[in-house]
Amino acid sequence: MSEQNTLAVERWTPTSAASVLLAVAAMALLAFGPRLLGAEQVDRLTILFIYVILAATWNALAGYAGLVSIGQQAFFGLGAYAAVRLAAGGFSVYPGLVVAAALVGLLSLPLSAFMLRLKGGEFAIGMWVVAELMHLLVNLDPLVQGETGTSLIALDAYAADTRRDQTYWMALGSMAAILTVLFVLLRSRTGCAIQAIRDDEEAASAVGVRVLGTKRIVFVIAAFGTALAGALWLATALTFQPKTYFGIQWTAYMIFMVLVGGLGTFEGAILGAVAFFAIESWFGAAGVWYLVGLGASALIFSLALPGGVCGWLERRFDLRLLPVGYRLVHRRAPTSSNRDNRGREIHAVR
Amino acid sequence: MTWLNQIIQGVLLGGYYALIACGLSFMFGVMRIINLAHGSLAILAAFAMFVLADRFGVQPLAGLVAVLPAMAVVGWVLQRGVLERSARGGQLVPVLSTFGLAVVVDNLLFQQFGADTRSLAPYAGSLAYDSWAITDDIYIGRLAALTFATSVLLLGALQLFLTRTALGRQIRATAEDPDTAGLVGVDARRANAIAAAIAMVTVGVAGGFLALRATFDPYAGGPQLIFAFEAAVIGGAGSLWGTLGGGIVLGVAQSLGAQVSPQGFLIAGHAVFLAVLFGRLFRGRFGLRPRAA
Amino acid sequence: MSQLVVENLDVRHGLLQAVRGVSLTVHRGEVVALVGANGAGKTTLLRAIAGAHPPAGGRILLDGTEITALSAHRRVGMGIALVPEGRRLFTRMTVEENLLLARSARRRGPWGLDAVLAAFPNLAQRRQHLAGTLSGGEQQATAIGRALMTNPEILLLDEVSLGLSPLVVDIVYDQLRTLIEGGTTIVLVEQDLSRAMAVADRVACMLEGRIVLEGKSADLGRDAVTEAYFGLSRGNTAQGAAP
């Protein structure tokens with residue numbers, strides 16, 4: 001280390017600032033979607049937005065907080081169920097979707113008190129047990145009539161076009177809001193604490209991080225986001241069959257999206273959702289082999305490329321589009337002639 | 001009397017749960033890995049025995065003789081090919097990779113065998129329905145008793161193996177501290193691969209008994225994983241016998257729940273699991289614990 | 001003849017280089033002491049020789065055979081045993097089980113369960129107790145006994161006196177003396193300089209990952225070692241350093 005070099009903490013690079021601007025511009029452009037696109041494309045994009053919500057929340061949970069859950073379908077199903085229940089009780093449908101998600105977020109709070117005591121794989125399956133239990137309990141509701149299910153009849157009040165556009169904007173808005181909340185959260189001090197816990201819980205606790213409380217923030221946000229995704233899915237699908245909403249396949253999708261895109265990279269989840277959306281569009285008709293492929297990709301990515309595509313890009317090209325971490329870089333001191341020369345990176349915190 | 005009968009049936013059912021849980025809890029104890037493909041691999045073994053019985057007329061229990069060595073190989077390959085690699089990436093990667101594996105196994109089975117439910121019961125002769133009458137209301141099925149006895153024997157044998165044999169000691173040492181195990185001459189990779197092979201043999205036994213006592217289909221692995229996990233966590237104590245206790249608690253809860261309502265079977269099982277977790281919140285002891293001896 | 005040869009060894013802990021280009025030769029039946037301040041790289045060097053830490057560069061040879069890439073358990077099988085820093089017993093296993101584990105190395109020799117229990121009489125009545133419940137001295141005896149059970153040709157001892165009372169340290173060293181008289185090659189890390197110089201034929205002093213001074217215990221003055229220990233004579237280490 002020569003004396004002319006100083007260490008500096010870097011949080012933004014020109015590339016990443018540009019990508020945030022680009023993302024904002026893309027969202028703004030997407031807001032005009034229903035004006036510019038056909039009905040089918042609007043429907044498809046709505047699905048994509050829901051996938052992005054699912055991937056981003058699962059990534060926050062697993063990739064940042066180190067909480068791998070294979071039971072997030074609990075919240076997905078409960079979100080849809082709460083929306084059906086609210087609508088059946090006369091609550092206005094679209095605000096009802098958000099209220100439903102908020103209720104599920106509230107429910108996740110007491111649940112977190114003991115689920116978060118479980119570690120690693122135990123937490124993973126424990127959450128699946130929760131999902132199964134919720135599924136069984138929802139089946140007991142006379143409105144749902146067991147696996148027969150029910151529909152969001154209240155949406156019939158809207159014309160098909162209005163409904164499509166409303167749901168689209170709602171999904172877009174939800175996605176934008178959740179991505180923003182996560183981005184800000186993960187860049188905050190809390191975000192730093194979250195990742196410290198993921199990397200070494202004991203050490204984090206030793207430097208004063210409130211482990212349980214910090215994990216709980218992510219858990220509840222993820223529960224809320226997943227529930228909102230479930231409610232939005234209901235708004236696009238109209239029917240509520242418990243088996244579909246509480247199915248483990250949602251977890252398979254989330255794991256696929258996040259692993260392929262890049263576990264623990266913010267942009268990875270978004271990229272993974274887009275990739276999944278494309279693959280589903282092309283190969284979804286292949287049925288069982290499509291599912292085998294999803295499972296095999298999850299297996300292969302976790303073994304060979306655990307950082308996913310974005311992790312690989314980052315290592316290969318030092319490319320970070322939406323950085324949430326801090327990193328130290330060597331910078332030449334101002335006395336040096338080429339002050340902008342970025343030196344060797346000595347440590348990167350994701 | 002019906003209640004007493006339900007409890008007895010629950011205890012016997014618990015024997016099956018202990019059987020399916022012992023491999024899961026053994027693997028967690030030794031390798032600190034929860035294998036999410038556990039249930040799917042049990043179903044794979046069940047299908048293997050089904051094919052032997054259906055196509056080649058092999059008696060189900062004789063089929064085990066062929067399937068168990070194959071499962072040992074599966075365990076070895078699983079450890080070397082998947083678990084060992086993914087464990088290097090930290091505690092979370094094995095969860096992801098074994099989940100991916102479970103999806104692959106489930107769907108390949110579906111591709112091969114379709115959605116039909118199968119059972120080995122038709123190939124097992126009188127074993128499937130014979131029972132002893134204890135009183136006028138209480139019957140004990142021969143198969144249920146055999147399952148229970150097998151699980152006690154298997155757990156006992158595993159316990160003896162771990163404490164009394166050189167290989168068992170090597171496996172325990174590797175579980176506690178793989179680095180130091182290497183420094184006293186233990187081949188930790190080999191110990192882990194053998195442990196995985198043993199775990200998969202127990203999974204094969206469990207799959208066989210599942211196929212005899214109930215029906216199964218390609219997607220039946222998930223519920224089996226959940227039951228195994230619940231039994232292992234409820235049993236949670238340091239020894240394999242805890243797993244038997246956990247299986248019995250789960251079986252009795254389900255059996256009593258079923259008495260209340262048809263959905264009560266599963267609800268009561270999950271509820272007792274969460275209640276145990278909740279109870280431990282106040283006792284400071286949580287979840288599975290590394291195995292002592 | 002040279003039994004153990006370390007050539008130009010580099011060992012890293014992530015970005016930190018703990019051992020830098022160390023070369024060391026140990027002859028059969030010799031006792032070599034590694035001394036140096038905390039963090040000088042002694043433990044890392046021993047662990048690399050034992051195979052617990054893969055080196056980033058350089059070679060390790062045992063009786064002329066290169067073993068650099070072999071895993072720890074293979075090296076135990078070839079006769080290298082390490083008594084690790086902090087004992088590292090299997091705390092949930094009994095003393096006897098800890099000792100029996102060392103049979104995994106499958107090496108024949110004088111050291112069996114009976115011989116170890118005879119050499120460390122304090123362990124005999126504790127053999128069925130969990131290793132985690134032993135006193136520090138008993139734990140150290142178990143750790144040494146466990147290493148002996150592999151019937152090593154080279155015994156690597158990492159701070160065997162750490163955390164023990166002076167009285168117990170004397171006992172441990174008395175037992176080591178019997179080993180040394182039996183012809184076992186020993187490389188030991190010891191904080192206590194006078195003890196190290198008393199027991200060892202040769203002393204190598206490490207500083208910041210390098211061996212800065214090496215020589216026969218009898219030839220080296222205590223002051224020279226102390227200087228090297230603290231890096232006081234950094235300017236002229238070249239003369240003191242091993243060729």
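This is a predicted model: local features need pLDDT of at least 70, side-chain atom pairs count only at pLDDT 80 or more; totals for chains, interfaces and linings use all residues.
The buried residues of helix α5 of chain B are covered by elements that include α1 (2-31), β2 (139-141), α6 (166-176), α8 (188-213) and α10 (240-260) of chain B. A residue is called buried if 20 or more other C-beta atoms, placed from the backbone, lie within 10 Å of its own. Among the buried residues of α5(B) are L143(B), F148(B), S151(B) and L162(B). Helices here are DSSP runs of H or I with at least four residues, strands are runs of E with at least two, and both are numbered from the N terminus.

Residues are numbered from 1 along each chain as its sequence is written, while chains are lettered from A and ligands numbered from 1 in the order in which they are written.

How far apart are the end C-alpha atoms of α5(B)? They are 32 Å apart, which agrees with the 33 Å that the 23 residues of this helix (142-164) should span at 1.5 Å a residue; the expected span is 1.5 Å times one less than the number of residues.

I turn to chain C. An open sheet of 4 strands has the order β2-β1-β4-β5, with antiparallel pairing; two strands pair if DSSP finds at least two bridges between them. At its edges stand β2 (16-27) and β5 (65-66) of chain C, each with a single partner strand, so one side of each has no neighbour in the sheet. Strands β1 (2-13) and β4 (57-62) of chain C are joined by 5 bridges, and D10(C) stands opposite G57(C) in β4(C).

Chain C also has an open sheet of 6 strands, ordered β6-β7-β8-β3-β9-β10, with mixed pairing. Its edge strands are β6 (80-83) and β10 (210-216) of chain C. Within this sheet, β7 (154-158) and β8 (185-189) of chain C pair in the parallel sense over 5 bridges, with D158(C) opposite V189(C).

Finally, 22 residues of chain C are in contact with 17 residues of chain B, contact meaning that C-beta atoms, placed from the backbone, lie within 7 Å. On the chain C side, α2(C) gives the most, with 4 residues.

Note on methods:
Two residues are in contact if their C-beta atoms, placed from the backbone, lie within 7 Å. A residue is buried if 20 or more other C-beta atoms lie within 10 Å of its own, exposed if 12 or fewer, and partly exposed in between; C-beta atoms are placed from the backbone.
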